[in-house]
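Work through the exercises below with the sequence and the coordinates at hand. Each task is followed by a solution in steps.

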Amino acid sequence: MPRNALTHLDAEGRPAMVDVSGKTATAREAIATCRVRFPAEVARQLRRNGLRSTKGGIVDTAIIAGTMAVKRTHELIPFCHPLPIDGCRLTVDWDGDATLRIDCHVRTVHRTGVEMEALTGATVAALTVYDMCKALSHAIVLGPAKLVGKRGGKRDVGKA
């Protein structure tokens with residue numbers, strides 16, 4: 001298959017899961033990030049409250065939600081393979097005065113990578129932050145969400 005071809009289409013152009021049965025299991029890892037931008041007054045309030053809302057600890061809840069999402073990515077994205085997740089780490093920290101940065105680092109030893117798991121973990125964690133803070137404002141903005149890097153498989157990308 002050409003390097004720039006869509007891998008989730010069969011010869012007739014129909015959707016298909018990639019067959020990874022012939023690949024060798026290798027160590028794979030990916031890091032994805034997503035940001036959550038708050039209106040200035042909401043960010044000040046969250047900083048004063050130690051990132052706690054009336055629903056509880058925002059960071060802890062986001063980390064739990066992101067981890068759960070990583071493990072269930074194959075249930076959400078139709079052509080993702082179910083993978084054994086060997087490691088998952090989410091970090092949430094301020095990136096400037098009014099923006100939280102969420103990083104999701106995922107590892108496995110398998111025949112396919114964990115980019116989608118890392119992206120899913122970071123974005124679900126961001127959605128959880130939104131859910132926990134929406135009582136303060138609906139002007140909270142999510143994104144961008146992006147792959148920072150991946151290692152293992154045919155090619156490495158970015159910084160992982």
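## Strand 6 and the rest of the fold

Proline 144 is found in strand 6. A cis peptide bond joins this proline to glycine 143, with omega at about 5°. The model is a predicted one.

**Exercise 1. List the secondary structure elements of the chain in order from the N terminus.**

Step 1. The count comes to four helices and seven strands.

Step 2. Read from the N terminus, the order is β-α-β-β-α-α-β-β-α-β-β.

Step 3. Of the 160 residues, 36% count as buried. Among contacts with a separation of 6 or more, 68% are between residues 24 or more positions apart.

**Exercise 2. Give the strand order of the five-stranded open sheet and find its edges.**

Step 1. The order is 4-5-1-6-7, and the pairing is antiparallel.

Step 2. Strand 4 (87-94) and strand 7 (157-158) each have a single partner strand, so these two are the edges, and one side of each lacks a neighbour in the sheet.

Step 3. Helix 4 (residues 115-133) packs on this sheet and touches strand 1 (26-37), strand 4, strand 5 and strand 6 (141-151). The direction of helix 4 makes about 25° with that of strand 1.

**Exercise 3. Trace the pairing of strand 5 with strand 4 and with strand 1.**

Step 1. Strand 5 (residues 99-110) runs antiparallel to strand 4, and eight bridges join the two. Within strand 5, arginine 107 is the bridge partner of glycine 87, and arginine 101 stands opposite aspartate 93.

Step 2. Strand 5 also pairs with strand 1 in the antiparallel sense, here over twelve bridges.

**Exercise 4. Is histidine 110 buried or exposed, and which residues does it contact?**

Step 1. Histidine 110 is located in strand 5.

Step 2. The cut-off for a buried residue is under 20% relative accessible area. Histidine 110 has 17% relative accessibility and therefore counts as buried.

Step 3. With neighbours within four places in sequence left aside, the contacts of histidine 110 are Thr24, Ala25, Thr26, Arg28, Pro82, Leu83 and Pro84.

**Exercise 5. Describe the backbone and the burial of leucine 51.**

Step 1. Leucine 51 belongs to the loop between helix 1 (40-48) and strand 2 (52-53).

Step 2. Its phi is near 55°, a positive value in a residue other than glycine. Most residues other than glycine have a negative phi.

Step 3. The relative accessible area of leucine 51 is 12%, so this residue is buried.

**Exercise 6. Which residues make the nonpolar surface patch of about 240 Å²?**

Step 1. The patch is made by Leu76, Ile77 and Met116.

Step 2. Methionine 116 lies in helix 4. With a relative accessible area of 34%, methionine 116 is partly exposed.

Step 3. As for the surface in total, the chain exposes about 9200 Å², of which carbon and sulfur atoms supply 54%.

Conventions:
Residues are numbered from 1 along each chain as its sequence is written. This is a predicted model: local features need pLDDT of at least 70, side-chain atom pairs count only at pLDDT 80 or more; totals for chains, interfaces and linings use all residues. Side-chain values use heavy atoms; hydrogens and water are left out. Two strands pair if DSSP finds at least two bridges between them. Contact means heavy atoms within 4.5 Å. Axes are lines fitted to C-alpha atoms, for helices over the stretch in contact, and angles run from 0 to 180 degrees between N-to-C directions. Patches are made of residues with over 30% relative accessible area and no salt bridge: like charges are joined within 9 Å, nonpolar side chains (Val, Leu, Ile, Met, Phe, Trp, Tyr) within 5 Å. Accessible areas come from the Shrake-Rupley method with a 1.4 Å probe; for residues, only the protein chains shown count as cover. A salt bridge is a side-chain nitrogen of Lys or Arg within 4 Å of a carboxyl oxygen of Asp or Glu. Buried means under 20% relative accessible area, exposed over 50%, partly exposed in between (1.4 Å probe, protein chains only).
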